[in-house]
Amino acid sequence: MSIHLHNTLSRRKEAFAPIDPANVRLYVCGPTVYDLAHIGNARPVVVFDTLYRLLRHVYGDRHVTYVRNITDVEDKIIAAAAANGEPIDALTRRTAVAYHEDMAALNALPPTFEPRATEHIDGMVAMIATLIERGFAYAAEGHVLFNVPSMAEYGRLSGRSLDEMIAGARVEVAPYKKHPADFVLWKPARTGEPGWDSPWGRGRPGWHIECSAMSKALLGETFDIHGGGIDLIFPHHENEIAQSRCAHDGAPLARYWMHNGFVQVNGEKMSKSLGNFFTVRELLEQGHRGEAIRLALLSAHYRQPLDITRDGLGEAKAMLDRFYAALDKAGTGAATAAESAEPPFDHLAALEDDLNTPLALSHLHELLARLNKAGDAGARGVAAAALKRGGALLGLLQQDPAGWLRGTRTLSAGVDAVIVLSDGKIDQLIEARTVARKNRDFAEADRIRSELLQAGVILEDSAAGTTWRRA
RNA sequence: GGCCCGGUGGCAGAGUGGCUAUGCAGAGGACUGCAAAUCCUCGUACAUCGGUUCGAUUCCGGUCCGGGCCUCCA
């Protein structure tokens with residue numbers, strides 16, 4: 001089995017063959033840093049992080065280059081900074097830090113490179129100059145525009161023709177555009193706005209050009225996979241393709257295009273403009289742990305729409321409780337064995353088949369059942385190692401099991417919303433209960449149990465003694 | 001209006017031209033002082049109407065319903 005991926009360009013699943021197996025190259029559109037990331041923004045991060053982990057497994061950790069940019073110059077940033085009365089660089093720095101914290105909570109690995117648009121202005125200016133020189137772009141009233149009709153294949157990715165786009169156009173056409181579909185490569189900066197000197201006057205780049213310039217700088221003219229949310233197909237990715245191909249003698253930008261479906265709320269797209277979003281940070285502060293959020297995001301196939309609900313997050317949490325409880329009983333030996341274990345075959349096969357995470361998870365459940373049924377320590381160790389190794393491909397199950405089960409839900413700023421009893425107090429109460437049970441004073445034993453339960457602590461008696469976990 | 005996706009058991013969610021998805025919830029049982037956890041068993045689902053086929057939830061077409069893109073958006 002080799003990796004197969006659904007390619008938006010062909011609208012079908014294709015066998016994946018990298019240009020250079022020694023350097024598999026992946027580019028994913030990252031955040032515009034003007035506000036906290038909502039759960040919809042987190043989905044592509046988690047999805048492509050999972051792809052990154054799979055590619056690293058198949059081609060080797062050192063043979064995959066993953067680029068995810070940060071857009072730190074853009075109209076919304078300017079607007080948000082003005083609204084906050086905050087300097088632009090303070091806003092973007094603060095937001096980028098929060099983004100990193102939130103994505104780390106979801107157990108997303110840092111990308112190989114995380115370029116910022118403002119670090120690549122020169123490359124953008126150079127690319128724009130090339131496009132003008134070759135007749136694909138023109139300057140008008142301080143703007144530089146890409147001339148869409150000059151690109152024969154424009155519309156291929158999104159599967160629409162220029163005529164259709166004009167027919168459906170709902171936007172007012174700026175008077176300086178030669179063609180209604182032309183889009184901005186460079187726009188003038190007004191006083192007080194961030195700007196860079198250029199042959200067309202002081203200004204700043206349009207949104208699309210930054211990805212073209214940054215991917216070229218870090219991955220070359222043609223690379224393997226370009227990913228992002230489904231809403232980026234048009235116009236963003238279509239425009240990236242137009243810019244890059246026209247600047248690069250027609251060389252393809254990326255060979256495989258992958259797009260994740262939306263996170264929805266009550267069946268509707270979650271988006272900032274609709275106002276129906278919640279941020280990753282809010283969920284964490286409500287006590288949902290990052291790994292549960294990650295699992296919820298992986299519980300549907302990446303191209304399907306996904307509703308994130310309280311029930312769904314609760315189910316993900318319960319699922320992790322089961323996994324970690326089994327791993328906890330398997331002991332620490334399994335953790336070390338997992339280092340050298342191969343991921344379970346059918347689990348890997350599911351991921352190689354266009355990142356079928358729900359199917360992969362079902363195989364993890366099979367391993368869980370095997371682990372729970374394992375008779376001896378040897379069989380337990382093997383099953384636990386396989387489970388942990390499989391989880392690693394999904395970015396799950398890597399925590400200390402006891403830490404997960406009994407862990408506090410301490411969040412940012414040391415705030416702890418849930419813990420009422422300290423671990424020491426819990427142990428004390430359990431000891432008292434054990435004594436009561438020995439004396440067959442079950443009324444007292446049950447009173448202590450229910451006292452603990454009210455504090456969110458669940459007891460489990462076994463031949464080996466009493467263990468506990470937090471609900 | 002144009003172009004795309006989808007409609008699977010109470011819920012979530014894979015998949016398949018004929019054979020058990022899986023998880024959650026629920027029912028029964030084993031175990032347990034009680035409980036929890038675990039294990040065993042169970043419910044026979046694929047919007048609708050036609051077509052192709054020996055056979056369709058799975059392929060094709062129509063209908064209905066939902067979502068998305070066409071404008072910033074993951």
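**Exercise 1.** Determine how helices α9 and α10 are oriented relative to each other in this predicted model.

*Solution.* Two packed helices are described by the angle between their axes and the distance between the axes. Helix α9 covers residues 290-298 and helix α10 residues 310-330; they pack at an angle of about 110°, with their axes 8 Å apart. Axes are lines fitted to C-alpha atoms, for helices over the stretch in contact, and angles run from 0 to 180 degrees between N-to-C directions. Angles under 35 degrees count as roughly parallel, over 145 as roughly antiparallel, 65 to 115 as roughly perpendicular and the rest as oblique. Therefore α9 and α10 are roughly perpendicular to each other.

**Exercise 2.** State which residues join α9 to α10.

*Solution.* Contact means heavy atoms within 4.5 Å. From α9, the residues Glu291, Ala292, Ile293, Leu295 and Ala296 meet Leu313, Ala316, Lys317, Met319, Leu320 and Tyr324 of α10. By class, this contact has nine nonpolar, no polar and two charged residues. Ala, Val, Leu, Ile, Met, Phe, Trp, Tyr, Cys and Pro count as nonpolar, Asp, Glu, Lys and Arg as charged, and the others, Gly among them, as polar.

**Exercise 3.** Describe the largest nonpolar core.

*Solution.* Such a core is a set of buried Ala, Val, Leu, Ile, Met, Phe, Trp, Tyr and Cys residues joined through side-chain atoms within 4.5 Å; buried means under 20% relative accessible area, exposed over 50%, partly exposed in between (1.4 Å probe, protein chains only). The largest has 72 residues, and Phe16 and Leu297 are among those with the most contacts inside it. Helix α1 (residues 39-59) supplies its largest share, 11 residues.

**Conventions.** Residues are numbered from 1 along each chain as its sequence is written, and chains are lettered from A. Local features need pLDDT of at least 70, side-chain atom pairs count only at pLDDT 80 or more, totals for chains, interfaces and linings use all residues, and side-chain values use heavy atoms, with hydrogens and water left out.

Definitions and conventions:
Helix = DSSP H or I, 4+ residues; strand = E, 2+ residues; numbered from the N terminus.
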